[in-house]
Amino acid sequence: MYIWIPHLLTDWLEVRKPELRGRPVIIRCRQHGRVIISAANTAAKKQGIFCGMTEADAKAIVPGLQAFDEIPGKEAQLLNAIGEWCIRFTPTVAVDMPDGLILDMSGCAHLWGGEEAYLKDLHTRLHNRGYDTCIAIADTIGVAWAMARFGGNGSIIAPQQHTAALLQLPPQALRLEEAVLERLRKVGFRRIAQFAGIKRAALRRRFGDILLQRMDEATGVILETINPLQPIAAYEERLACLEPIRTATGISIAIQKLLYQLCTRLHNEGKGLRYAVLRCYRVDHQIISTEIGTHRSSVNTDHLFKLFELKIPLLAPGLGIELFILEATIVEDMPPAQEALWRITTGNMESAEVAELIDRITGKISGAGISRYLPQEHYWPERAIKATRSLQEKPGTEWRCDRPRPTQLLANPEPIQVTVPVPDYPPMLFIYKSQLHNIKKADGPERIEREWWLEDGELRDYYTVEDEHGQRYWLFRSGAYSGNRTSEWFIHGFFA
Amino acid sequence: MKSLLANEKNFLIDKLQKEVLLLEGYKPATVGKLHLPGLQTIEAAFPNGIFPLGAVHEFLTFEPEHSAATGGFISGILSGILSPGGVCIWVSNCRCLFPPALKAFGLQPDNIIFIDVHRERDVLAATEEALKCNSITAVIAEIGELTFMQSRRLQLAVEASKVTGFIMRNNARRITSTACISRWQVIPQPGAAADGLPGVGYPRWQVALQRVRNGRPGNWTVEWRAGKFAVIEESRFRLTINKHIRQAG
């Protein structure tokens, strides 16, 4: 199906400025120092204005002409917007610059009760929004393009009839360059039927490869592909509603249906869902969306629904939702679940219940950080652990416990004042948060060198100290002793 | 004859006590299954003489030093009740816990899932959600305030799921009554190195079981030594704190 919007820019202008409706309007642009017309509306064309004319000539013909400057890139922007809106008719919509849209409507028309109703609905809706369109339905892109422009508005070519329809059209309907068309005109070809029967070699010699290629594309010998605006997601389920949905109950039923379809499909293919997006197309052309993520691939409909259930109050249905699309954006392989003869009461990191619990918590509390820690082969305390979001990741190395490490570690070491009797001895006392701690016992020093291949800085000499109340601290002196400066001391943690 | 009667009386009272406990929701204890290796003295303070799992325990801490000690003590308890590969959840909004230290208390730090939230009410919400999931073994939550109603909600959650909850109240401004089964306070004590060697020695705490439902509150000095708890007798403990000699090395 091809939608040709002949007056795209001027239609848009008229939508924006209703007072222009019915009056001649042109869009002008500068080309080689001249101001020429790049688009004109129907009223202007009726009075003899055509694209490519200079603005001065046009103003001489039509005195009350409204001229507007061209906005670069506006066509593409408009076509993209209209194309995205058209996704309610079919998932595969492509933009055909400068003034058309290509829709792959295979398997969609029956939802509207046939191609005629489908075409009419699309035409009426676009017309109501202010865009004049010529639409044609055909087997190939080439013929649909040709029929939209030369075959009259609303033509529907029956299956397998596209070649016959094409033969009746002028050569311009083949999407050819002006030079080739000129040569065809010189020879006297007015319709495609006149040269379609000529030998291919002769045609190629006279008019080049492009003519044959265009003809093959139109007849369907060469398959032409389009670039859809939105690439079709591999795992997507759609639910179109007869009546717009406005209630939470309605939305939850829709989500349940979609999840059931999606999960059945994923389950059959041995996949599990990790991330899903639900998009709701509202009656007022707004799209609202919400998303969920899981920590472990899942096809458990109940669990996934619970995650969506938390998001339902955030969806504003407005006047109603007419289409739901559930897309699994991230899908992972899922090993088949083993049937258990008995229920193991305590789970481990691999169990689905734990992953589901984490999903529920992240869904319920926005901004909840979930982390596990794995050991890293670094002595530097800040780098000794590595945070991971994965529940399955195994530690790559052993946890060390040969050195004393505090149970509470300050995120940033805090400076303290100390009294040290002898260099390289633990301090006698230290003041932290304006409280004096007399040190009774101490262990250390444990020297931890800074990893010079990662960062610059001073080494640390760590001491485990115990004050008179039995409270144990982890202190360090930054840098080695040197004669001419006082060394800085920090507290870094609390021992159990 | 008299002693026989007394025995019978004791037996009857014991039996009645057990029936009352059953009515209150305590499952009859499985014989010989102690949960806290090395802490038999403390475990005897609980009803049926068993540290109750599937309940919420409350720990009061007032200083970061107390939090560190409490964290160590809880980790020690957890290492006794956690089966290999079992999962714990640690919920907090101001966490400074350093996971590698837990290895020294017999816990595998990668078996703990840390949940960091921004607000205190989110800590409670996450804790409650986690306590409802029976696939995990224990939930540790760092909460400032805990009202009776909030603790009741947590208690109801664990009654169904049999998950053990540990609440660390790190800023208990008002000590309110809660529905928790016990209230502890763990305060660090000066350690004693073995055989008078210099240095800090093993972690030692004063563990106060301030309140326990149907049990006997008490006060003990506990040490974490060579991978398990050890209860220190009072006399030895007094001897060590009087020794104010600064030892360094």
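This is a predicted model: local features need pLDDT of at least 70, side-chain atom pairs count only at pLDDT 80 or more; totals for chains, interfaces and linings use all residues.
Glu237(A) stands opposite Leu326(A), a residue of strand β12(A). Six bridges join β9(A) to β12(A), the latter covering residues 321–333, and the two strands run antiparallel.

The pairing belongs to an open sheet of four strands in chain A, ordered β9-β12-β10-β11 and paired in antiparallel fashion. Because β9 (236–245) and β11 (287–298) of chain A each have a single partner strand, they stand at the edges, and one side of each is left without a neighbour in the sheet. On average, neighbouring strands of the sheet are turned by 15 degrees against each other, direction ignored.

Two helices accompany this sheet. Helix α12(A) packs on the sheet and touches β9, β10 (271–282) and β12 of chain A, its direction making about 160 degrees with that of β9(A). Helix α13(A), residues 301–309, also packs on the sheet, where it touches β10 and β11 of chain A. The direction of α13(A) makes about 140 degrees with that of β11(A).

A closer look at α12(A), which spans residues 248–268, brings us to Thr249(A), found in this helix. Thr249(A) has 10 other C-beta atoms within 10 Å, and a residue with 12 or fewer counts as exposed, so Thr249(A) is exposed. Although Thr249(A) and Ile312(A) are 63 residues apart in sequence, their C-alpha atoms are 9.4 Å apart in space.

Attention now turns to the meeting of the two chains. Here 50 residues of chain A are in contact with 49 residues of chain B. On the side of chain A that touches chain B, the elements giving two or more residues are α14 (352–364), β13 (369–375), β15 (408–419), β17 (435–448), β18 (460–467) and β20 (488–494). The residues of this side comprise 26 nonpolar, 14 polar and 10 charged. One of these elements, β13(A), is joined by three bridges to strand β3 of chain B (residues 112–116), and the two run antiparallel. Gly369(A) stands opposite Asp116(B) in β3(B).

Most residues other than glycine have a negative phi. Arg175(A), however, has a positive phi, near 55 degrees, and lies in the loop between α7 (162–167) and α8 (178–187) of chain A. With 16 C-beta neighbours inside 10 Å, Arg175(A) counts as partly exposed. In chain B, Asn214(B) has a positive phi near 60 degrees. Asn214(B) is found in the loop between β7 (204–212) and β8 (218–225) of chain B, and counts as partly exposed with 14 C-beta neighbours inside 10 Å.

Conventions
Residues are numbered from 1 along each chain as its sequence is written. Chains are lettered from A and ligands numbered from 1 in the order in which they are written. A residue is buried if 20 or more other C-beta atoms lie within 10 Å of its own, exposed if 12 or fewer, and partly exposed in between; C-beta atoms are placed from the backbone. Two residues are in contact if their C-beta atoms, placed from the backbone, lie within 7 Å. Ala, Val, Leu, Ile, Met, Phe, Trp, Tyr, Cys and Pro count as nonpolar, Asp, Glu, Lys and Arg as charged, and the others, Gly among them, as polar. Two strands pair if DSSP finds at least two bridges between them. Axes are lines fitted to C-alpha atoms, for helices over the stretch in contact, and angles run from 0 to 180 degrees between N-to-C directions.
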